[in-house]
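Hello,

Here is the structure we discussed. My notes follow below it.

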Amino acid sequence: MEFKITMPRKRRELYNKEICACSIFGAMNRDGERFTGAGVMKAIANMHVRGNGLGGGFAAYGIYPEYKDYYAFHLMFTGCSAEARMAAKMGFDPYLYENFDVVYDEEIPHRDESTVSDPPLVWRYFVTPNKKGDDAALSDEDYIVAKVMHVNTKIDNAYVFSSGKNMGCFKGVGYPEEIGEYFMLDRLYKAYTWTVHGRFPTNTQAWWGGAHPFSLLDTTVVHNGEISSYGTNRWYLEMYGYACTLQTDTEVIAYAADLLMRRQSLPIDLVAKILAPPIWNSIDRMNEKEKKLLTTLRMVYGPLLMNGPFSIIIGQTGKMIGLTDRIRLRPLTAATRGPMFYLSSEEASIRLISPELDSVWTPNGGEPVIGELNNIT
Amino acid sequence: MKSFVFPEFHIIRDEAKCGQCRGCERQCAFGTHTYDPVQDRLISDDYKCAGCQRCVVFCPKNAIEVRPTPSPYRANASWSREKMEDLKKQAETGGVILTGCGNDKPFRIYWDHIVLNASQVTNPSIDPLREPMELRTFLGAKPDIMEVKTDKGDVEIRTKLSPNLVVETPILFSAMSYGAISYNAFRSLATAACKSGTYFNTGEGGLPKEMREKFGKCAIVQVASGRFGIDAEYLNCASAVEIKVGQGAKPGIGGHLPGEKVSAEVASTRMIPAGTDAISPAPHHDIYSIEDLSMLISALKEATNYEKPISVKIAAVHNFAAIGSGIVRAGADIIAIDGLRGGTGAAPKAIRDNVGIPIELAISSLDRRLRNEGIRNRCSIIAAGGIRCSADIVKAVALGADAVYIGTSALIAMGCNLCQKCNTGKCNWGICTQDPRLSGRLNVDIASQRLANLVQAWSHEISEMMGGMGINALESLRGNRDHLRGVGLYEWELEVMGIKGAGE
């Protein structure tokens, strides 16, 4: 009973994911003192061979103290010529001005003599929400999330790099040290937390939107690994309104962190137990109270278990969190020196910029290491 | 009236080997073999043979061979032998053709057109012999959000959780009622379920009183349109309650257990007089709408003190995804969907072979529908009908099922050879019969061991396949269509299942 009919081939809407093997690095001054990107650029350059020049990026916290009450939008506009990129911006601006009050905007300064290829137009806007109609009931943050999802899915050639307060992402195609130089991170910006990513994409062609960090509001994620549970994580997040559009598996971690930490207000140590839960054999041996908690977490949030190898650094206002998958298939080293807190794929990179360390250790699989700001300036 | 139907099987007896022990004569309830004392030899009547192979397996001398006969008719693509002979039978009897087991027609088996993924280089595959591999699954409603209160590292769960079933492997035994199958077969399923950390489903025929204490904890009890054997103790001794609305082998019609199969024990379990036909109506006569279903779900939750998940079983038919969504909103914790190839103890052949849709397409549609509506976590999906091996289960889970029910596979493990004569009550393997002489042939210890072995073997294989994909927990495979690719499928089929073609 096989039916022999020829069907016209039509385009199906299919998702894509991109697989990465990469280097990650994070540095935080827990006293809130701000420092330039020079050190982290040197550290990530030391892990040059973990990337392949197809993506690098930085997240920096505390860089816009003069605009700290405004949401800082970093926007990327793509196109094959300067005119096309400007046209993409013209297509986006009306949407922005309709939904936000813009207090200041400018092109993000960069070095034109840089070696990076084919850079898009990158612009920053400092805005406050201008909520109207049905949106008025939304919190500022839910409103921003909804608008960011709209821009990424509905507006052609415009992608939001970052959308938090007093922070920003700088990323692109190239080695991370090249991206750092392109945006002059060693000269123009001072942050109390820097996270960095050097990329080795193995699946699809590189594009500027696909570089790390991935961010939503003030949560950023840099990620080394491949998420084999991507399809499952994705459908669960889509049920909560997160559109996965940037063609990479790292996106789901940023959205999962936003869902669990911001919208559902779960503390970070529980979130870590959701993303990388202990195995049942361990849970079954715990005391009744712990067993019940962890069993319930796995039962309720099973679809957010991040399976497959990963190490990640999650950045948030006043926080930097490192986490590996539950069987620790990707490297992560943590270290402290005075107020400084470091996370890195390789210890050598930390030693390069801080030869003396108070303590240095390898976190266990699935156990988060958390650095928190003592006083937010 | 002389029958014009040709025999389906031809029995070849090696007279040189035959020792005239008359074993075959005793084995065959259809009376195929008879002993002729005059000739001192056994005579076989091809016309009576069901092709169950019982005599072949049990002949001590290996003297018997049963072969399907080739079609005696002139080849005709339109008038196949089956069509002609079914027609003749009806011309001779004027009746509906009854049959057993599942749809045997060559509808596309999508499992065989889907291939699985494996890790290479960028993601290490995991060796299940050395690393933990987790198949534990929770079946039931999950909340959208888990609220917690933290107090100095002490975490307290504030959200009220729905009851869930915990299975150690995503394989459950499908509904097969005591009455349709023998007591020994029923008890074998129950024993194996308890042994394997999973559940068996009582079907609509009740749960014998003496089994309730021991096997209730691994039972899902069914409430069907005939309401056989239901009392408060029946509902409360089990781990979950299932409302049976439809069955994949016979969507839209009820059940019929002929009076001959209603023995004293079956009668007392079903709470009906012995020897009377047990007829379950096509619809539940208290469910004529979705709001009626909602009321029955509520009534059952009330009767079980909100301690047990309530499942609703429906057959996969054309608009079942929308119905499934309604079922979730009506309060069901689990939806069991039974596909085109689901089995039965007795069904009109016309229904079995023509009604319903393949389970592979159904799983994906239902999963997508519930996700699009944002209610996928409010229920679990158990897929049934046509699961033949561990790879089918992996594919079912990746298409969106939480677990699967196996019925036919479990019967084959116990000895069934799919002769499709379940409706006659003469099962020579002791499975689908109430004749004590036949049902005594099924040894509960052996049959339950065979079932437990099957579950164990499949669980190992599922672990191997998951490890290859770099996944070490089943929840990360659920709905993960990334790991599936279609081969030889049309665009619409790929689209319904939400998978890419191989190489894409």
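Subject: domains of chain B, then chain A

In chain B, nine residues of domain 1 are in contact with eight residues of domain 2. The side of domain 1 of chain B that touches domain 2 of chain B consists of five nonpolar, three polar and one charged residues. Please keep in mind that this is a predicted model.

As for the bounds, domain 1 of chain B covers 9-71, and domain 2 of chain B is made up of 170-467 + 474-501. Taken over C-alpha atoms, the centres of domain 1 and domain 2 of chain B lie 36 Å apart.

Now to chain A. The secondary structure of chain A consists of 11 helices and 16 strands. Chain A is as compact as a globular protein of its length, because its radius of gyration of 21 Å is close to the 21 Å that the globule rule gives for 377 residues. The C-alpha trace of chain A spans about 70 × 60 × 45 Å along its principal axes.

Of the 377 residues in chain A, 52% are buried. Among contacts in chain A with a separation of 6 or more, 75% are between residues 24 or more positions apart.

On confidence, the mean pLDDT of chain A is 88, and 92% of its residues score at least 70. Where in chain A is confidence lowest, and where highest? The lowest is strand β9 (residues 214-216) of chain A, with a mean of 89; the highest is strand β14 (residues 340-344) of chain A, at 96.

Regards

Conventions. Residues are numbered from 1 along each chain as its sequence is written. Chains are lettered from A and ligands numbered from 1 in the order in which they are written. This is a predicted model: local features need pLDDT of at least 70, side-chain atom pairs count only at pLDDT 80 or more; totals for chains, interfaces and linings use all residues. Helices (H or I, at least four residues) and strands (E, at least two) are DSSP runs, numbered from the N terminus. The radius of gyration is taken over C-alpha atoms; the globule rule is 2.2 Å times the number of residues to the power 0.38. A residue is buried if 20 or more other C-beta atoms lie within 10 Å of its own, exposed if 12 or fewer, and partly exposed in between; C-beta atoms are placed from the backbone. Two residues are in contact if their C-beta atoms, placed from the backbone, lie within 7 Å. Domain bounds come from an automatic or database domain assignment. Ala, Val, Leu, Ile, Met, Phe, Trp, Tyr, Cys and Pro count as nonpolar, Asp, Glu, Lys and Arg as charged, and the others, Gly among them, as polar. pLDDT is the predictor's confidence in each residue, from 0 to 100.
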